[in-house]
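Here's a quick briefing to read with the structure open beside you. Let's start in the middle and work our way out.

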Amino acid sequence: QVQVVESGGGLVQAGGSLRLSCAASGSIFSINAMGWYRQAPGKQRELVASMSSGARTNYADSVKGRFTISRDNAKNTAYLQMNSLKPEDTGVYYCKAEVLRWATNRPVDYWGPGTQVTVSS
């Protein structure tokens, strides 16, 4: 099995910063892309940022220049540095890892349970 767990959420004032962490563990041969998604109340889950195994990044337009995704492949961990936070960044942040398990030949997406980020005005 594979487990994905996020940490680092919390309450912060507008203009502040938070750093989220995502750790994947278990029967992992390799991880392709890792990504951060968020879901605000009453809205659909949306991509915030993702990074391929080759370090290619993709960001939502709303976070470009403020958020930075990074990875530590040796630790199967991804991070999301969030600066200049705005109230509209509030939501539950989820991590997704595209995992190739040992003795398989197809990657599978695994999601963490999410971590709450609240930005007050």
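This is a predicted model: local features need pLDDT of at least 70, side-chain atom pairs count only at pLDDT 80 or more; totals for chains, interfaces and linings use all residues.

Seven residues touch the most other members of the largest nonpolar core, which has 30 residues: Val-4, Trp-36, Val-48, Phe-67, Leu-80, Met-82 and Tyr-93.

- Pick out Tyr-93 and look at its neighbours: leaving aside residues up to four places away in sequence, it touches Glu-6, Leu-20, Trp-36, Tyr-37, Arg-38, Val-48, Phe-67, Leu-80, Met-82, Gly-114, Thr-115 and Val-117.

**The disulfide**
- There is 1 disulfide here, and it joins Cys-22 to Cys-95 with the sulfur atoms 2.0 Å apart.
- It bridges distant parts of the chain, since the two cysteines sit 73 residues apart, with Cys-22 in strand β3 (residues 18–26) and Cys-95 in strand β9 (residues 91–101).
- The angle about the S-S bond is -75 degrees, making this a left-handed link.
- Are these cysteines buried or exposed? Cys-22 has a relative accessible area of 1%, so it counts as buried, and Cys-95 is buried too, at 0%.

**Salt bridges**
- Side chains of opposite charge can pair when their charged atoms come close.
- The count of salt bridges in this model is 5.
- One of them pairs Arg-38 with Asp-89, at 2.9 Å from N to O. Arg-38 is in strand β4 while Asp-89 is in the loop between β8 and β9, so this pair links parts of the chain 51 residues apart.
- Asp-89 also has a salt bridge with Arg-66, where the closest N and O atoms are 2.8 Å apart. Arg-66 belongs to the loop between β6 (57–59) and β7, so this pair ties together parts 23 residues apart in sequence.
- Lys-96 and Asp-109 make another salt bridge, at 3.6 Å from N to O. Lys-96 is in strand β9 and Asp-109 is in strand β10, so parts 13 residues apart are tied together.
- In this pair, Lys-96 is buried at 18%, whereas Asp-109 is partly exposed at 39%.
- Through shared partners, salt bridges join Arg-38, Glu-46, Arg-66 and Asp-89 into one network.

- Now find Arg-71 in strand β7 (residues 67–72).
- Polar atoms of the Arg-71 side chain do lie 3.1 Å from the backbone oxygen of Met-51 and 3.2 Å from the backbone oxygen of Ser-52.
- Not counting residues up to four places away in sequence, Arg-71 touches several others, including Ile-31, Asn-32, Ala-33, Met-34 and Thr-77.

**Two positive phi angles**
- Most residues other than glycine have a negative phi.
- Ser-84, in the loop between β8 and β9, has a positive phi near 50 degrees. This serine is partly exposed, with 39% relative accessibility.
- Ala-103 also has a positive phi, about 65 degrees, and is found in the loop between β9 and β10 (108–111). With a relative accessible area of 84%, this alanine is exposed.

Note on methods:
Residues are numbered from 1 along each chain as its sequence is written. Side-chain values use heavy atoms; hydrogens and water are left out. Helices (H or I, at least four residues) and strands (E, at least two) are DSSP runs, numbered from the N terminus. A polar contact is a pair of N or O atoms within 3.5 Å; within protein, one must be able to donate a hydrogen and the other to accept it, and residues adjacent in sequence count only if both atoms are side-chain atoms. Contact means heavy atoms within 4.5 Å. A disulfide is a pair of cysteine sulfur atoms within 2.5 Å. Buried means under 20% relative accessible area, exposed over 50%, partly exposed in between (1.4 Å probe, protein chains only). A nonpolar core is a set of buried Ala, Val, Leu, Ile, Met, Phe, Trp, Tyr and Cys residues joined through side-chain atoms within 4.5 Å. A salt bridge is a side-chain nitrogen of Lys or Arg within 4 Å of a carboxyl oxygen of Asp or Glu.
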